[in-house]
Amino acid sequence: IACVLSGLPESIIAAACARSGQRVLHVDSKNYYGGNWASFSFSGLLSWIKENQQNTDISDECEDWRKLILENEEVISLSKKDKTIQHVEDFCFGDQDSAENVEEAGALLKLPAFGASDADRVAQESEKECTPVENTLAEVESQEPEKATGTEPASTVEGNDPEITSESESSHDAALGESTPETGSAPSESSAQGPKKITYAQIVREGRRFNIDLVSKLLYSRGLLIDLLIKSNVSRYAEFKNATRILAFQEGKVEQVPCSRADVFNSRQLTMVEKRMLMKFLTFCLDYEQHPEEYQDYENSTFAQFLRTRKLTPSLQHFILHSIAMVSETDCSTLEGLQATKKFLQCLGRYGNTPFLFPLYGQGEIPQCFCRLCAVFGGIYCLRHSVQCLVVDKESGRCKAIVDHFGQRISANYFIVEDSYLSESTCTNVCYRQISRAVLITDQSVLNTDAEQQVSILTVPPEDVGKPAVCIIELCSSTMTCMKETYLVHLTCPSTKTAREDLEPVVQKLFNLNEEKETENEELEKPRVLWAVYFNMRDSSGVEKKSYDGLPSNVYVCSGPDSALGNDCAVKQAETIFHEMFPAEEFCPPPPNPEDIIYDEDEIAQEESGFSNSPETKPESSTEESSSGDSTAVKKEDNE
């Protein structure tokens, strides 16, 4: 199997193939894992911005690679320029002179343009207040399987970081039942006096504290990705934190949305009548299929129109539409809205009082976790390794090999290519959507409470009919994605214009863009934006393979990130492609326990002498090393 680019779908496919015994080569022209799913330190993101603003072509290192093509073969050239990112604009809301000086100092230091590297992690461990991954894995794997329920989140100072295990479902069968409360930290002295003024120089100096995602997503606690992480045991390579609250933007104010039964009845913003209305409707949504008479007359109506018939107040309709179902007011049908609401409710209570989890160190950790699994089972990884073309046999029409930028010809039976690598001649009939993205570094939360360490999700409805809603995810420093006393804010929506034109009106509503705070109370309440970047990202999800011209049957195309909040699209795509290649194989089965491995005498003798070539024992040896807590060694091995 030859995989080109290390995005999330490709990484899942590579891990599944390696786990089923296939030989996998995974190459990427970039110098970091993840492609458009990656996470960067602040200096790394600045390098990424500069690279995409220049958007230069990749020059051929080997000019005579065409000599490797035989007479009965033809080539499909791959793109040398990444055109998935456009309209990149970054802004520093501070002292521009000091910013320039710091940038020069950072350039002299030659900070690497990688994501969350081992060096980044070493710098961040001093501030990390949750259970280290090595200790967590050691504790879990030292338990007997039937006792390792993992129903209680790991208790921490800053919050509850859940361990993902398959046994935790049993303690939370009722989606609307009482949920485990988050233990927030007490307000610090600095918050009582107001937020400190953070300078751009501090951000650059603490740049390795940041892990900034190119794509902003959360994991549904009963979503396909969580199920896959549990099934494949890849969850041991990562840690997760609960999204602690769901927010709503209504009448110019940000307020918290009650989700579980406890939240609803403890809410002060709802009247007793509204609480009963909301609980009655949410209970109906959990088993709406059993009551078709309640909604069948509205199947051709929008979900917003259906809500107006349910005797709900305008405030409750707003909460359900934008913060629970999280669907469009104009484009979502009644059935789609009910399905989205049910999915939200079913995910409540599994790991916390919201349906969502966020991976510590950023979304870019997830592709790397599957890359680690692939490497453990023999997969080979080559970063900074671009591919010139696909070599196709004229008679059979199948792809036989790839030619890399060194002029090497590499043969394989199956080829996985990310959409961005395909040339314009191959994509003439493809119509792409776009995603508008913005990333902000701010000095305080959009909704300050006694608990500082909050992971929040907020949906801002559109002002104009036909425009998309904007999804906002706000991350605190305990997610290991930003320095202390700052917040990292991600804004995402389907594009109608450039990212700045789509998202800046929302930024202006919620944040203060002035360098110095105004004297007006309204401005004082708003968080101050310290730095921002806007960009458009291609959304190639939903494009069928037949839309691409002239691709051989054994070449499979993976899409980049989509605009949805979850990761179901990537997991479905990876599983579909894997089963097309290997219909009889199980998709990402769990690795066997080390004690279940049967060694013969020859293998034992080879291991004792230091030489082992057994394909069965080598992966499990690496698994034992990682399960003993030596996750740093695994990461270093992957980077090498």
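**Overall organisation and selected local features**

Among contacts in the protein chain with a separation of 6 or more, 75% are between residues 24 or more positions apart. The model described here is predicted. The secondary structure of the protein chain consists of 20 helices and 24 strands. Of its 640 residues, 55% count as buried.

One part of the structure is an open sheet of four strands, arranged in the order 4-15-16-17 with antiparallel pairing. Its edge strands are strand 4 (73-77) and strand 17 (409-411), each of which pairs on one side only. On average, and with direction ignored, neighbouring strands of this sheet are turned by 30 degrees against each other.

Within this sheet, strand 4 and strand 15 run antiparallel and are joined by five bridges. One of the residue pairs involved is valine 75 with its bridge partner in strand 15, valine 391. Valine 391 also has a bridge partner in strand 16, namely alanine 401. Strand 15 (residues 387-393) is in turn joined to strand 16 (residues 399-404) by five bridges, and these two strands run antiparallel.

A second hairpin is formed by strand 11 and strand 12, with two residues between them. Strand 11 (residues 245-250) pairs with strand 12 (residues 253-256) in the antiparallel sense, over four bridges. Leucine 247 has glutamine 256 as its bridge partner in strand 12. In the turn of this hairpin, glutamate 251 has a positive phi of about 55 degrees.

Helix packing is illustrated by helix 8 (residues 224-232) and helix 14 (residues 365-376), whose axes come within 12 Å and cross at roughly 25 degrees. Because angles under 35 degrees count as roughly parallel, helix 8 is described as roughly parallel to helix 14. The crossing of the two helices is left-handed. On the side of helix 8, the contact is made by Leu225, Leu228, Leu229 and Ser232, and on the side of helix 14 by Ile366, Phe370 and Leu373. By class, the residues of the contact of helix 8 with helix 14 comprise six nonpolar, one polar and no charged.

Backbone angles were also examined for individual residues. Most residues other than glycine have a negative phi. Histidine 87 has a phi near 55 degrees, which is a positive value in a residue other than glycine. Histidine 87 lies in strand 5 (residues 85-92). With a relative accessible area of 43%, histidine 87 is partly exposed. Methionine 480 likewise has a positive phi, near 65 degrees, and is a residue other than glycine. Methionine 480 is placed in the loop between strand 21 (470-475) and strand 22 (487-494). The relative accessible area of methionine 480 is 5%, and because buried means under 20%, methionine 480 is classed as buried.

Terms used: Residues numbered from 1 in each chain as written. Predicted model: local features only at pLDDT ≥ 70, side-chain atom pairs only at ≥ 80, totals over all residues. Heavy atoms only, no water. Buried < 20%, exposed > 50% of the residue type's maximum accessible area, 1.4 Å probe, protein only. Pairing = 2+ DSSP bridges. Axes fitted to C-alpha atoms, helices over the stretch in contact; angles between N-to-C directions. Parallel < 35°, antiparallel > 145°, perpendicular 65-115°, else oblique. Left-handed = near helix turned anticlockwise from the far one by under 90°. Contact = heavy atoms within 4.5 Å. Nonpolar A, V, L, I, M, F, W, Y, C, P; charged D, E, K, R; others polar.
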